[in-house]
Amino acid sequence: QVQLVESGGGLVQAGGSLRLSCAASGRTFSNYAMGWFRQAPGKEREFVARITWNGDMTFYADSVKGRFTISRDNAKNTVYLQMSSLKPEDTAVYYCARGTGRYINDYAYWGQGTQVTVSA
């Protein structure tokens with residue numbers, strides 16, 4: 001059974017930074033690509049970023065490109081999302097997931113989410 005646990009969310013002022021972490025259970029973490037999604041109130045869950053199994057390639061939504069960085073540490077079974085120059089519109093619950101692609105159906109396992117709130 002795969003378990004994903006996000007942490008690192010919180011309240012930050014616009015222009016600030018946060019780093020989210022997602023710790024995965026299991027010994028096969030390094031075999032799989034990982035992604036981050038977010039869901040704002042009243043909106044659909046949307047793709048944010050993804051990373052290949054060995055971290056050699058990363059992909060971002062246009063809305064976060066240049067501000068967010070996804071990375072992973074396979075020795076720690078953890079994937080990260082470094083968020084900088086945060087904007088109020090980045091406010092959402094952020095989810096990590098195991099899989100690849102830009103669509104929700106591309107991902108089989110999800111964490112419970114962590115709240116990020118950006119104040120103006």
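Biologist: Is arginine 38 buried or exposed, and what is its relative accessible area?

Modeller: Happy to start there, with a word on the numbers: this is a predicted model, where local features need pLDDT of at least 70, side-chain atom pairs count only at pLDDT 80 or more, and totals for chains, interfaces and linings use all residues. Residues are numbered from 1 along each chain as its sequence is written, and side-chain values use heavy atoms, leaving out hydrogens and water. Buried means under 20% relative accessible area, exposed over 50%, and partly exposed in between (1.4 Å probe, protein chains only). Arginine 38 is therefore buried, with a relative accessible area of 6%.

Biologist: Which residue meets arginine 38 in a salt bridge?

Modeller: A salt bridge needs a side-chain nitrogen of Lys or Arg within 4 Å of a carboxyl oxygen of Asp or Glu. For arginine 38 the N to O distance is 2.7 Å, and the partner is glutamate 46.

Biologist: Which residues are joined with Arg38 into one network?

Modeller: Aspartate 90 and arginine 67 form another salt bridge, with the closest N and O atoms 2.7 Å apart. Aspartate 90 is buried, at 1% relative accessible area. Salt bridges that share partners join Arg38 into one network with Glu46, Arg67 and Asp90.

Biologist: How many aromatic pairs does the count come to?

Modeller: Rings of Phe, Tyr and Trp (its six-membered ring) pair if their centres lie within 6.5 Å; planes under 30 degrees apart count as stacked, over 60 as edge-to-face and the rest as tilted. By this rule, the count of aromatic pairs is five.
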